[in-house]
Amino acid sequence: MFVQMKNFSVVATYAQMFQEGLVVTILLSLFTVLIGFVLALILAVMRMSSFQPFLWLAHVFPGVFGFFERDGSGMKRDSGFVYHLGRFNPLSFLATAYVEILRSTPILVQIFIIYYGVFTVIKLPNFNMFGFIRFSRFFPGVVALGMNSGAYLCEIIRAGIQSIDGGQSEAARSLGLRQTQNLRYIIFPQALKNILPAIANEFVVIIKESAITWTIGVQDIMSAVNAVKGATSIIMEPLLVATALYFCLCFPTSKIIAYFERRMSRGDKR
Amino acid sequence: MATRDSLIQVTDLKKHYNRGAIKALDGVTVDINRGDVMVVIGPSGSGKSTFLRSLNLLEDPTSGSIVFDGVDITKRKYKDPQGKVVKVNIDEHRQKMGMVFQHFNLFPHMTILDNMTLAPVKVKGADKAAAEEKALALLDRVGLKDRAAAYPIQLSGGQKQRVAIVRALAMEPEVMLFDEPTSALDPEMVGEVLDVMKGLAQEGMTMVVVTHEMGFAREVGNRVLFMADGLLLEEGSPKEIFEMPQHPRLKDFLSKVL
């Protein structure tokens, strides 16, 4: 047998490590979600903003820069290089670049760059949170995870907003609502409902992916497994304990969000 | 020049795509007077929907002007009667132009009552209770007062369109724009929507209606516009358009639809 009951009693002597690991994993996930969500909102707003400096110049100085908006015969441009240059949005470009780079590189590489690169230049204070969480390891882990999930959440938010039929905005604007009111009262409430399953999935992914931070010495659940393995050569039993702990975190998370999903879909039922 | 009763003056309105390769509108000039029930007919792709959607700038025209209540809403600034330069705020003008869409575009996450009170409360700053009272009165008028608490998905197509009409009316617009309001409806529901529109016309509401319902154009309209290829080819009273059509395109069109 690979799994022996007596080995569990050995693992039990490491109970406190698992307990602390569980707390670290929960805190990692919470802060990651927080950072990721705020970052994602900022990125999504940047991507969908209408910040177009060249077109703005055309409106403020029509005599000099009007050519960005209208061609020689006074017709509004609708295609071509000058048209696209006029609509160039540096904020959107930056956000898109960020999202694409973060989504196209392994999270392990990102964590190492943050930990060995960024946070060797920026010195972090050496203290313990709650007596057992080493801030100088925990903080880079949270930053790396948050930056990564921010990119994914941004895509989810953008897709959710773009999934709303254009007629909704047209109806709202034709009633006189400003664009911000349209977003707040019409688009976001509907988009949120559409993206909840994807957000729930992303939250669960964050909990699971946080395990990777043991590679930079964050003492989460996985690092407790490693500690048992290193000290006793028992591997399957601590892994099963870790499996159970992760499941107990992830499963309720998705169930709770599923509950909110049902509550928000009232308008769908006949 | 605009007459005293003129509400919207459209001048040489153009909407091009791909540097003029596609001309959805190619120079439309028309005056819409208060109390007009202007029906726009024409084959599909003729630009009639683009024309209607340009009136409240849901389509951004390539060139031309739309003067509504004395303000050219296609410009970014205008001079008020005192000669002061004021920014054109399209949201303000849209409040005065109700719009009804082919696909209703009710807000699915809100009850019928909330659909109707949202804009009056959030845009005009109306009192919530007063807005609800008014919304219920409007719903009563189209026979849907008992559905106020329902969600749009619980209504039939005809009911949705009637709600969409009174939702626009709740903003007390000066003109109502109808973009093929019965085209997405099952045939048996067309009548109930047209009846509501007819009632509106009889009350003197200024209306611009893009439709394929020739019976409505004939019976309710006081002016009929025939458009094809982005051009306004013929304009006249229903009698002139349907009984004495001049333009060969119009004759051809009528022979197909009547």
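Modeller: Happy to! Let's begin with one pair: the side chains of Q9(B) and S6(B) make a polar contact at 2.7 Å (a pair of N or O atoms within 3.5 Å; within protein, one must be able to donate a hydrogen and the other to accept it, and residues adjacent in sequence count only if both atoms are side-chain atoms). This is a predicted model, where local features need pLDDT of at least 70 and side-chain atom pairs count only at pLDDT 80 or more, while totals for chains, interfaces and linings use all residues. Residues are numbered from 1 along each chain as its sequence is written, chains are lettered from A and ligands numbered from 1 in the order in which they are written, and side-chain values use heavy atoms, leaving out hydrogens and water.

Q9(B) sits in strand β1 of chain B, residues 6-17 (helices, H or I with at least four residues, and strands, E with at least two, are DSSP runs numbered from the N terminus). Why does Q9(B) count as buried? Because its relative accessibility is 16% (buried means under 20% relative accessible area, exposed over 50%, partly exposed in between, with a 1.4 Å probe and protein chains only).

From there, let's move to the charged pairs. Over all chains, the structure holds 25 salt bridges (a side-chain nitrogen of Lys or Arg within 4 Å of a carboxyl oxygen of Asp or Glu). In one of them, D91(B) pairs with R173(A), and their closest N and O atoms are 3.0 Å apart. That pair crosses between chains, with D91(B) in helix α2 of chain B (residues 90-95) and R173(A) in helix α9 of chain A. Both D91(B) and R173(A) are buried.

Some pairs stay inside chain B. R34(B) and E174(B) form a salt bridge with closest N and O atoms 3.5 Å apart. Here distant parts of the chain are linked, 140 residues apart: R34(B) is in the loop between β2 (22-33) and β3 (37-41), and E174(B) is in the loop between α5 (157-169) and β9 (175-179) of chain B. R34(B) counts as partly exposed because its relative accessibility is 43%, and E174(B) is partly exposed too, with a relative accessible area of 26%.

Next come R141(B) and E203(B), a salt bridge with closest N and O atoms 3.1 Å apart. R141(B) lies in helix α4 (residues 128-141) and E203(B) in the loop between α6 (187-202) and β10 (206-210) of chain B, so parts that are 62 residues apart in sequence are tied together. R141(B), with a relative accessible area of 42%, is partly exposed, whereas E203(B) counts as exposed at 55% relative accessibility.

Chain A has a salt-bridge network of its own, linking R47(A), E100(A), R103(A), E155(A) and R158(A).

Back to the boundary between the chains. The contact takes 31 residues from chain A and 36 from chain B (contact means heavy atoms within 4.5 Å). The two chains bury about 2900 Å² between them, 55% of it on carbon and sulfur atoms (the accessible area, 1.4 Å probe, that two parts lose on being put together, summed over both). K76(A) and D60(B) meet there in a salt bridge at 2.8 Å, N to O. Three salt bridges are counted between chain A and chain B, along with 14 residue pairs in polar contact, both at pLDDT 80 or more. On the side of chain A that touches chain B, α9 (166-174) and α10 are the elements giving two or more residues. The largest share of that side, seven residues, comes from α9(A).

Finally, the nonpolar surroundings. The largest nonpolar core has 66 residues, and I186(A), I8(B) and F51(B) are among those with the most contacts inside it (a set of buried Ala, Val, Leu, Ile, Met, Phe, Trp, Tyr and Cys residues joined through side-chain atoms within 4.5 Å). Helix α10 of chain A, residues 179-209, gives the most to this core, with 10 residues. A second, separate core of 50 residues includes V37(B), F104(B), L144(B) and M189(B). I186(A), leaving aside neighbours within four places in sequence, is in contact with residues of both chains, including Q168(A), L177(A), F107(B) and L118(B).
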